[in-house]
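Here is a quick tour for anyone opening this one up for the first time. Have a look at the sequence and the 3D view, then read on.

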Amino acid sequence: MKGQTAIITGASRGIGRTTAEEFAKRGVQVVIADIDKENAEKAANEIKSLYGVETLGIKADVSNPEDVKALFEETVKKFSKIEILVNNAGITRDNLLIRMKDEEWDSVLNINLKGAFLCSREAVKIMSKNRYGRIINISSVVAFIGNPGQVNYSASKAGLVALTKTLAKEYASRGITVNAVAPGFIQTAMTEQLPEKVKEEMLRMIPLGRFGTTYDVSNAIIFLALPESGYITGQVIHVNGGMYM
Ligand code: NAP
């Protein structure tokens, strides 16, 4: 992967940040796309000084088509190509169905699902020309087992699986593979906010007896991004400690 360029959305912290660092360790030029400009630039500068690769930090709200267009334009301007896209940016706005506001449904679907659609649409234009690409979408275990209070989130993550399989079929002939990683319960800011009782219940559901780390997830992402993984497409890798199998 050395010398390739990867765009990772929502990469200033959490799973995205670890993934960006793991790519950088392998000599990949990374573009940190995040909704917060300062966070994106800070992460890009830190990764550049830690691993000595060229980086770019760009403010991009993945649900905004203009931001997404600018993200890809700036990336191509600096690196002239893009081999890897990780659609990682995601949010939760939990509520039981009866109490869920339209805004909670819309914001989750727009960022988690429409964001991946917008970024993938830009990415395939560039990847198609080069007849090479790796698109990796970050789904979730809840897309497969459901979760009370997360009808918006689980629907968005299940939508990502269908998007993954469809794009895999549409772009296979262009040398672009499209896969998904479905994490279980991973220790990040997103899960930090959950009540202790919920965390205890979750832990009981995990045969391996621990929550996942961001490295557990980035490891699967890196594997799918490798040139050697070119015969794998339309698949979902579950990283959940056995919580769902
Ligand atoms: P996180 O720590 O909350 O990080 C999410 C990142 O996305 C943050 O940097 C955030 O920026 C950014 N972001 C939010 N809205 C955005 C937008 N509209 N455009 C661009 N960036 C945006 O989350 P995480 O736990 O690392 O999760 C990463 C992905 O894995 C998500 O898709 C999540 O659904 C999925 N996942 C996580 C778990 C888990 O247990 N943690 C499990 C399954 C799936 P700010 O910091 O500025 O808000």
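## A pair in helix H4

Let's begin with Glu122 and Lys125, which both sit in helix H4, three residues apart, or about one turn of the helix. (Helices are DSSP runs of H or I with at least four residues, strands are runs of E with at least two, and both are numbered from the N terminus.) Glu122 and Lys125 form a salt bridge, with their closest N and O atoms 3.3 Å apart; the term stands for a side-chain nitrogen of Lys or Arg within 4 Å of a carboxyl oxygen of Asp or Glu. Glu122 is buried at 10% relative accessibility, while Lys125 is partly exposed at 43%. Here buried means under 20% relative accessible area, exposed means over 50%, and partly exposed is in between, using a 1.4 Å probe and protein chains only.

A word on what you're looking at: this is a predicted model, where local features need pLDDT of at least 70 and side-chain atom pairs count only at pLDDT 80 or more, while totals for chains, interfaces and linings use all residues. Residues are numbered from 1 along each chain as its sequence is written, and side-chain values use heavy atoms, leaving out hydrogens and water.

How many salt bridges does the structure hold? There are 16 of them. In one, the side chains of Lys25 and Glu22 meet at 2.7 Å, N to O. Those two are three residues apart in helix H1, so about one helical turn separates them. Lys25 is partly exposed, at 47% relative accessible area, whereas Glu22 is buried at 10%.

Asp67 pairs up with Lys59 in another salt bridge, with 3.2 Å between the closest N and O atoms. Asp67 counts as buried at 15% relative accessibility, and Lys59 as partly exposed at 39%. Then there's a network of salt bridges linking Arg17, Glu21, Lys42 and Glu46.

## Around the ligand

Which residues are closest to the ligand? They are Asp34, Asn88, Tyr153, Ile186 and Thr188, part of a shell of 28 residues, each with a heavy atom within 4 Å of the ligand. By class, that shell has 13 nonpolar, ten polar and five charged residues. (Ala, Val, Leu, Ile, Met, Phe, Trp, Tyr, Cys and Pro count as nonpolar; Asp, Glu, Lys and Arg as charged; the others, Gly among them, as polar.) Helix H1 (14-25), helix H6 (151-171) and helix H7 (189-192) each supply at least two residues of the shell.

Now for some distances. An oxygen atom of the ligand is 2.8 Å from an N or O atom in the side chain of Arg13, and the side chain of Lys157 likewise has an N or O atom 2.8 Å from a ligand oxygen. The protein covers 92% of the 900 Å² of accessible area that the ligand has on its own. Accessible areas come from the Shrake-Rupley method with a 1.4 Å probe, and for residues only the protein chains shown count as cover.

Two residues other than glycine have a positive phi: Ser80, near 65°, and Arg131, near 55°. Ser80 lies in the loop between helix H3 (65-79) and strand E4 (84-87), and Arg131 in the loop between helix H4 (102-130) and strand E5 (133-138). Are they buried or exposed? Ser80 counts as exposed at 56% relative accessibility, and Arg131 counts as exposed at 53%.

Terms used:
Polar contact = N/O pair within 3.5 Å; in protein donor to acceptor, adjacent residues only side chain to side chain.
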